[in-house]
Amino acid sequence: MSVEKKCLSVLRALFFPPRCAACGEFLQEHILDTESRALCESCRRKWEYAKLAVCKKCGEELSRCRCLPSPLRRAGVSALLKMVSYDKERDSVAKQCILCMKRKNSDAVFGFFSGQLAALLKGYLDETYTSEGSVLVTYVPRGRKNLLKSGVDQSERLAKGMAESLGCDFAVLIERGLRHDKEHKRMGGDARFAHAHKAFRLASCDFKAINKSYRCLILVDDVVTTGASLAACARLFEAKFGGRIVCLSLARTENT
Ligand SMILES: [Zn+2]
Ligand SMILES: [Zn+2]
């Protein structure tokens, strides 16, 4: 970092001291760090601890669990990678982090969590002997209403940041439909699935070229709840893309 940039970042930190993404405490003690931080020491420890949780079905750590919910399997998805799991009804570092990303467009926060996703995906690519060059990263776009409210599409930022740090290509392949934006969150399981397939459509993209260059498509969503949105998006690719479709999420919710 250049001296000017460093001075600027110190000044910025003085006037707008960064806060922990989970508990909201000031992070002033790190004012001279070269890299801005997303979490305070205590929340960082809790985040690392949350990553050690195991899948109740297969007993593997969540990052290594390869259980695939049947709606995703039916949509042609090969794997669902996730890092932590949280209960929507209970307060936790994971839940706070996801909420913070929805509300705040912070470089430090997205930098940290994209890095976490990059490490998760790297593990899978190594495991399946897939080279970064044959991977195309895309994301499940957020509804217009939500986007207008906060101005940030957290899945897009996570996907872009992760692709950049792994050296993979990134593309916008999905758009939101014109209507059917609202109410998705309040719906129950079946209604969600019925609604989700109307909510997304393919962006104009050349699948011939995509099929030539890539063997693996990574579909990023910040949180998996029922998997309805991921399944709806994967279905759009099913007939067009010849390679593997892999879903990637920072967190999955437990009470679904
Ligand atoms: Zn904290
Ligand atoms: Zn599992």
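This is a predicted model: local features need pLDDT of at least 70, side-chain atom pairs count only at pLDDT 80 or more; totals for chains, interfaces and linings use all residues.
Let me begin with helix H7, which runs over residues 154-166, and whose 13 residues reach 18 Å from the first C-alpha to the last, close to the 18 Å expected at 1.5 Å a residue. Which residues of H7 are buried? They are Gln154, Ser155, Leu158, Ala159, Met162, Ala163 and Leu166, and when we look down the axis of H7 these buried residues fall within an arc of 155°, so they line one face of the helix. On the other side of H7 we find Glu164 and Ser165, which are exposed. The buried residues are covered by several elements, including helix H4 (93-103), helix H5 (107-127) and strand E6 (216-224).

Now to the ends of this helix: Asp153 caps the N-terminal end of H7, with a side-chain oxygen 3.1 Å from the backbone nitrogen of Ser155, while Gly167, which follows H7, has a positive phi, near 75°.

Let us move to the zinc ion (ligand 2), which is coordinated by the SG atoms of Cys55, Cys58, Cys65 and Cys67, at 2.2 to 2.4 Å. The angles among its 4 donor atoms are 105 to 114°, and the site is tetrahedral. Along the chain, the donors follow the spacing C-x2-C-x6-C-x1-C. Both Cys55 and Cys67 lie in the loop between helix H2 (41-50) and helix H3 (70-74), so the pair ties together parts that are 12 residues apart in sequence.

Is each of these two cysteines buried or partly exposed? Cys55, at 4% relative accessibility, counts as buried, whereas Cys67, with a relative accessible area of 23%, is partly exposed.

Definitions and conventions: Residues are numbered from 1 along each chain as its sequence is written. Chains are lettered from A and ligands numbered from 1 in the order in which they are written. Side-chain values use heavy atoms; hydrogens and water are left out. Helices (H or I, at least four residues) and strands (E, at least two) are DSSP runs, numbered from the N terminus. The expected span of a helix is 1.5 Å times one less than its number of residues. Buried means under 20% relative accessible area, exposed over 50%, partly exposed in between (1.4 Å probe, protein chains only). The arc is that of the directions from the helix axis to the C-beta atoms. Contact means heavy atoms within 4.5 Å. A polar contact is a pair of N or O atoms within 3.5 Å; within protein, one must be able to donate a hydrogen and the other to accept it, and residues adjacent in sequence count only if both atoms are side-chain atoms. Donors are N, O and S atoms within 2.8 Å of the metal (3.2 Å for Na, K and Ca); water is not among the atoms, so sites may look incomplete. Four donors count as tetrahedral if all angles lie between 85 and 135 degrees; four count as square planar and six as octahedral if opposite donors are over 155 degrees apart and all others between 65 and 115; anything else is irregular.
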